[in-house]
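This report describes the strands, the nonpolar core and the ligand surroundings of one structure. The sequence and the model come first.

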Amino acid sequence: MKKNFLQVPSVLDIVKPTKGGKPTNTKFKVREMLYLQQLVYQLPQKAIIVEIGSFIGKSALALAEAAEKIDGSVLCVDPFAKHTQSFCPDQLERFKENTAGWDNIYLAKSDSTKFFDYNPGVKFDMIFIDGDHSINGFITDLRNAIVHSKKIVCGHDFCAYSPWIVDVIQHLSVKFGVNYEVVSWTWKLDISKKLRKFADSELVPYLIAFIKKRGVFYNFENSWYKESGIESDNKDSVSMTDIGVMPMDDADSVDLESELPDLESE
Ligand SMILES: C[S@@+](CC[C@H](N)C(=O)[O-])C[C@H]1O[C@@H](n2cnc3c(N)ncnc32)[C@H](O)[C@@H]1O
């Protein structure tokens with residue numbers, strides 16, 4: 001059943017999680033959390049949502065709170081590697097602390113590209129992109145999200161700090177005649193059959209060529225991602241054996257198939 005946006009009950013519980021943990025003070029705003037929750041309520045019962053990039057769990061909690069009401073799950077994909085958030089070395093510990101008690105949050109401690117490579121043909125109901133914000137990283141995540149999402153593709157940082165995200169979403173909207181929505185820095189792009197087919201094979205080289213042309217207008221000095229040293233080619237990212245889905249109270253067990261409910265292959 002679709003729920004009314006205004007019926008979202010306890011967003012303050014997300015800012016100050018009731019089930020354990022400290023308040024999660026990141027860039028993600030309350031109205032963005034409410035928007036994500038509104039998207040979740042459009043999904044079927046038992047939906048599986050993938051979050052690419054979880055940091056200390058704020059958006060994951062917003063997703064999980066809404067997902068709980070449709071008996072759904074949130075699968076957080078993040079390598080929690082030092083090079084991805086060097087300013088927060090205890091990122092994984094804080095993520096675990098903040099999400100403690102939420103048994104519909106699962107973790108795949110993995111680079112997103114490896115995660116999707118490891119799961120070819122698997123479709124998820126919704127994919128939220130907020131991981132590697134470099135040009136290549138974002139484009140690769142977008143391609144994988146379009147290919148692996150059954151219903152909703154959305155993400156964060158539709159803003160001046162990552163102008164390639166703004167450009168790409170707007171360009172695809174015009175090129176494929178699909179709508180997009182933006183709430184603060186959170187975006188959602190509608191996916192047509194044509195766009196899905198294009199994404200499978202041609203999207204990445206096409207968008208890289210597009211951004212190469214557009215990039216002359218960007219002021220890279222404004223980008224915090226350049227400063228933070230994040231690159232798409234994460235040379236010391238986790239190995240395949242690090243990939244797993246696990247309940248938060250048992251983060252060392254690695255068994256993708258047995259932990260996730262109702263995965264659907266094409
Ligand atoms: C902006 S933070 C995410 C914030 C979080 N979504 C929130 O709003 O609470 C970006 C996260 O992406 C992760 N990340 C960086 N590269 C990644 C990759 N290749 N795959 C998955 N996650 C990645 C970082 O470790 C970091 O935790």
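Two strands are taken to pair if DSSP finds at least two bridges between them. Helices (H or I, at least four residues) and strands (E, at least two) are DSSP runs, numbered from the N terminus. The model is predicted: local features need pLDDT of at least 70, side-chain atom pairs count only at pLDDT 80 or more, and totals for chains, interfaces and linings use all residues. Residue numbers start from 1 along each chain as its sequence is written.

**Strand pairing**

| Strands | Bridges | Direction |
|---|---|---|
| β1 (residues 48-52) and β4 | 4 bridges | parallel |
| β4 and β5 (residues 149-155) | 5 bridges | parallel |
| β5 and β7 (residues 186-189) | 3 bridges | antiparallel |

On the β5 side, I127 has V153 as its bridge partner, and F124 faces S149. V153 also stands opposite L189 in β7.

From β4 the chain passes through helix α6 (residues 135-148) to β5, in a right-handed β-α-β crossover. Right-handed here says that, with the strands pointing away from the viewer, the path from the first strand over the helix to the second runs clockwise.

**Burial and core**

A residue is buried if 20 or more other C-beta atoms lie within 10 Å of its own, exposed if 12 or fewer, and partly exposed in between, with C-beta atoms placed from the backbone. In β4 (residues 122-129), 6 of the 8 residues are buried. Because 5 of its 7 residues are buried, β5 is largely enclosed by the rest of the structure.

A nonpolar core is a set of buried Ala, Val, Leu, Ile, Met, Phe, Trp, Tyr and Cys residues joined through C-beta atoms within 7 Å. The largest has 60 residues, and V40, I49, L63 and M126 touch the most other members. Leaving out residues up to four places away in sequence, L63 is in contact with L36, V40, I49, E51, V74 and F128 (contact: C-beta atoms, placed from the backbone, within 7 Å). A second, separate core of 5 residues includes F55, I56, F80 and L92.

**Ligand surroundings**

Around the ligand there are 22 residues, of which G53, K58, T84, G131 and D132 come nearest (near: C-beta atom, placed from the backbone, within 6 Å). This shell has 6 nonpolar, 11 polar and 5 charged residues. Ala, Val, Leu, Ile, Met, Phe, Trp, Tyr, Cys and Pro count as nonpolar, Asp, Glu, Lys and Arg as charged, and the others, Gly among them, as polar.

Definitions and conventions. Two residues are in contact if their C-beta atoms, placed from the backbone, lie within 7 Å.
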